[in-house]
Amino acid sequence: MNFGFSEEQELLRATARKFFENECTSTFVRDRMAEPAGVTDDFWTKLAEQGWLGLVYPEEYGGTGLGFVDLTVLMEEMGRASMPGPFFSTVLLGGLAVLEAGSAAQKKEWVAKVAAGQAKIALAWTEPNARWDAAGVTVTAREAGGAFTLSGTKLFVLDAHLADAIVVVARTRESARPEEGITMFLVPRNASGLDVKLLPTMDQTRKQCEVTCKDVRVPADAIVGSKDSGWAPLQRVIDRATVGLAAEMCGGAQRVLDMTTEYAKIRVAFGRPIGAYQGVKHRAADMLVEVENAKSLTYYAAWAVDENSPEAPLAVSMAKAYVSDAFRRIAGAGIQLHGGIGFTWEHDLHLYFKRAKNSEFTFGDATYHRERVAQLIQL
Amino acid sequence: MDLSLTSEQEALRAEVRAWLQANMPREWTRRVMASSDVPRPEAYDFLRTWQRQMYEAGWIGLTWPREYGGRGLSFVEELVVHQEIALAKAPPILNILGVGMAGPTIIAYGTDEQKRRYVSKILSCEEIWCQGYSEPNSGSDLASLQTRAVKDGEYWVINGQKVWTSLAHVADFMMLLARTDPNAPKHKGITYFLLDMRLPGVTVKPLRQLTGDAEFNEVFLDNVRVHGSQVLGGVDNGWAVGLTTLMYERLALGFGLQVRLRITLDGLVELARKMEKNGRALTHDPVMRQKLAQLWIDTEALKYTGARGITKLLRGQMPGPEASAGKMIWVDTHQRIQELAMEIEGPYAQLTPGSDWAVDGGMWQYTFLRSRANSIEGGTTEIQKNIIGERVLGLPKD
């Protein structure tokens with residue numbers, strides 16, 4: 001038994017930290033916040049050159065063939081840097097969906113392009129009903145003459161405005177069991193009737209869109225996986241993407257704790273560094289305990305996903321439930337312990353506070369995942 | 001990262017599981033089982049026999065050296081055995097302070113003679129140990145302790161008082177901290193003694209707790225003459241030795257108490273299944289499901305935070321101040337489990353043993369009350385937060 005990272009993984013962490021310190025500075029992040037793209041071509045190319053866009057993809061599709069434990073290390077560092085851009089949406093949602101369920105031809109075309117930084121794929125799953133269960137999928141895909149027509153609205157779609165193609169989750173058949181009759185389609189971004197609108201969001205480092213399908217016609221070979229049985233592969237994709245998201249949140253939470261600790265050592269009030277006061281020290285200790293627990297559950301989820309363990313869905317939901325609350329509380333405490341400076345636009349704390357809020361509601365908040373835990377432990 | 005076990009470790013798991021199935025005592029009732037952490041007085045005799053059986057079968061002291069009655073195995077084997085003990089809902093270890101604290105400290109600091117004399121009898125429960133740290137005026141500020149030891153030839157003459165001393169009324173020995181140099185700075189002039197509780201001048205007076213039980217005591221030391229060979233780890237070096245004990249205590253908590261926590265949580269889920277509110281089981285209540293799931297998550301978090309700690313140990317690093325985080329998580333989770341048990345029982349939570357209306361014979365009422373001590377014993381939560389703040393995060397001292 002060994003529940004720690006290998007030397008190679010520690011090396012990846014060191015490399016990534018240095019890379020983001022140089023390439024993803026606060027100035028860079030803030031510039032990206034201010035513009036729709038959220039990323040530069042130059043930065044995206046560098047991610048590709050590092051091999052990070054294909055880190056978890058098999059070598060035959062241009063990837064590195066590493067696992068989710070390795071990805072956890074990388075994404076902790078991305079979260080630490082509050083990295084903007086479509087890494088998560090392209091690599092872990094759109095790209096992973098094609099890899100998980102796509103045909104050989106789709107994988108050959110799209111996965112390799114994502115790994116090389118030549119294409120971006122979004123995943124349009126959630127809708128205005130804001131549900132994360134199968135019943136929430138109401139966008140329809142009607143079959144006629146060997147083709148499908150998609151109609152309806154997707155909401156909270158990450159980075160759809162940057163994508164070359166969008167995997168749209170649609171209902172192809174009404175069924176008493178909502179898990180049945182769901183199909184994934186790979187739709188080109190420029191398909192006729194597909195409208196993408198950028199949404200103004202609290203967290204400006206991660207862009208979200210409304211995606212409207214108005215009689216969007218796609219051929220049958222646009223199906224990713226098989227017709228009517230798209231829910232199971234989608235859940236596998238979401239579970240694995242959630243591991244990455246949780247890791248990113250752990251990295252952000254650790255950064256807030258680090259910033260707060262450093263500040264508490266140098267900020268003097270009543271003649272002493274504020275970190276000497278128990279009102280500050282004890283809250284910092286609480287933050288550490290939550291960071292450590294969040295990491296433990298996230299690492300276990302990453303391991304369970306890599307092992308294809310039957311406990312993986314439970315592990316993922318435990319991690320996401322915990323880290324959703326923890327990151328939010330830690331980011332809030334970080335602002336509190338900084339006092340007035342923590343409330344300014346100039347200080348970076350608000351980037352983490354807002355990212356925590358965005359991440360909390362991405363793929364299920366703590367309440368949703370606790371209920372999923374309750375179901376999985378047969379409560 | 002690999003959480004799987006070797007085939008030898010899997011074989012050990014099968015072996016301990018089979019042994020527990022064959023040997024779990026019939027008289028082990030729910031009533032006795034309710035003591036999820038410290039054994040209750042009425043069970044002492046029974047638990048003494050049980051520990052002896054466990055020891056003879058080789059399930060205690062797995063990481064201890066073979067020459068002192070252990071098996072020389074790694075912390076992974078220790079963890080496997082603890083997990084099986086928990087799954088079987090087996091009785092706790094009576095000599096918990098000896099096994100968790102005194103033994104490892106004597107192995108770390110003792111002379112060969114001390115190790116030969118004491119260690120194996122700790123495992124077999126032939127000799128029970130208690131811990132003489134706290135005093136009426138020295139709790140969290142332990143280094144301010146005033147019990148004095150004055151040299152008189154080959155002996156030390158000890159005077160003072162210890163308090164909150166669990167198991168002292170049945171203990172054969174005490175891990176005693178006493179001041180040997182009153183002129184040194186407070187952390188420097190302390191010595192760690194292995195005190196025979198039967199020496200003249202040792203008086204034990206049980207202290208009744210808010211639970212009504214008397215599991216802890218006051219211990220009065222009145223001109224107790226202790227031979228110089230009973231010093232552990234050198235004169236005036238007691239602070240370092242004592243901290244080692246505390247470190248092992250928190251580590252032992254990580255192993256033993258996480259699995260016991262799981263037993264308690266399973267019991268809580270069972271309770272929620274059978275208690276009804278407005279005509280339906282509480283497990284169907286959405287708010288209750290949220291609370292139970294959160295406790296499940298927190299209990300699992302402790303397990304994996306513990307596994308990260310064990311990995312550090314296996315890589316040759318000593319248990320560090322991170323263990324304080326484990327203790328805090330355990331305390332917080334356990335107290336919330338006990339609070340939720342009361343909430344689940346509703347108005348029935350008020351009834352204690354003796355009432356036919358009491359749920360589960362009033363078992364949870366005792367564990368609920370007992371859990372208040374968790375955030376005080378073995379270092380208060382406030383002290384753990386100081387340790388984390390100062391020694392892990394590097395914040396300035398108060």
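Predicted model: local features only at pLDDT ≥ 70, side-chain atom pairs only at ≥ 80, totals over all residues.
Domain bounds here come from an automatic or database domain assignment.

Figure 1. Residues are numbered from 1 along each chain as its sequence is written, while chains are lettered from A and ligands numbered from 1 in the order in which they are written. Chain A is divided into domain 1 (7-119), domain 2 (122-228) and domain 3 (232-376). Chain A holds 11 helices and 10 strands; helices (H or I, at least four residues) and strands (E, at least two) are DSSP runs, numbered from the N terminus. Its C-alpha trace spans about 80 × 50 × 40 Å along the principal axes. A compact globule of 379 residues would have a radius of gyration near 21 Å, and the 21 Å of chain A agrees with this. The radius of gyration is taken over C-alpha atoms, and the globule rule is 2.2 Å times the number of residues to the power 0.38.

**Figure 2. Burial and contacts within chain A.** Of the 379 residues of chain A, 55% count as buried. A residue is buried if 20 or more other C-beta atoms lie within 10 Å of its own, exposed if 12 or fewer, and partly exposed in between, with C-beta atoms placed from the backbone. Among the contacts in chain A with a separation of 6 or more, 74% join residues 24 or more positions apart. Two residues are in contact if their C-beta atoms, placed from the backbone, lie within 7 Å.

**Figure 3. Domain 1 against domain 2 in chain A.** The centres of domain 1 of chain A and domain 2 of chain A, taken over C-alpha atoms, are separated by 23 Å. Their contact takes 21 residues from domain 1 and 19 residues from domain 2. On the domain 1 side, α2 (26-33), α5 (87-101) and α6 (104-116) of chain A each supply at least two residues. α5(A) gives the most to this side, with eight residues. By class, the domain 1 side has 13 nonpolar, seven polar and one charged residues. Ala, Val, Leu, Ile, Met, Phe, Trp, Tyr, Cys and Pro count as nonpolar, Asp, Glu, Lys and Arg as charged, and the others, Gly among them, as polar.

**Figure 4. The surroundings of A134(A).** A134(A) sits in the loop between β1 (121-124) and β2 (140-144) of chain A. This residue is buried because 20 other C-beta atoms lie within 10 Å. Not counting residues up to four places away in sequence, A134(A) touches P178(A), E179(A), I182(A) and W231(A). F270(A) lies 136 residues from A134(A) along the chain, and the C-alpha atoms of the two are separated by 56 Å.

Figure 5. Chain B has 11 helices and 10 strands. Its radius of gyration is 22 Å, close to the 21 Å that the globule rule gives for 398 residues, so chain B is as compact as a globular protein of that length. Along the principal axes, the C-alpha atoms of chain B fill a box of roughly 75 × 50 × 45 Å. Buried residues make up 46% of the 398 residues in chain B. The domain assignment of chain B gives domain 1 (7-123), domain 2 (129-236) and domain 3 (243-392). The C-alpha centres of domain 1 and domain 3 of chain B lie 21 Å apart.

**Figure 6. The side of chain B that touches chain A.** In this interface, 34 residues of chain B are in contact with 36 residues of chain A. α8 (286-314), α9 (323-345) and α11 (381-392) of chain B each supply at least two residues of the chain B side. α8(B) gives the most to this side, with 14 residues. By class, the chain B side has 20 nonpolar, seven polar and seven charged residues.

**Figure 7. Packing of α9(A) and α8(B).** Helix α9 (residues 312-338) of chain A packs with α8(B) at an angle of about 100 degrees, and their axes are 10 Å apart. Axes are lines fitted to C-alpha atoms, for helices over the stretch in contact, and angles run from 0 to 180 degrees between N-to-C directions. The two helices, α9(A) and α8(B), are therefore roughly perpendicular to each other, a term for angles of 65 to 115 degrees. M318(A), A321(A) and Y322(A) of α9(A) make the contact with I297(B), E300(B) and A301(B) of α8(B). The residues of this contact divide into five nonpolar, no polar and one charged.

**Figure 8. Helix α11 of chain A.** The buried residues of helix α11 (residues 366-376) of chain A are A366(A), H369(A), R370(A), R372(A), V373(A) and A374(A). They pack against α9 of chain A together with α8 of chain B. Just after α11(A), Q378(A) takes a positive phi of about 55 degrees.

Conventions:
Parallel < 35°, antiparallel > 145°, perpendicular 65-115°, else oblique.
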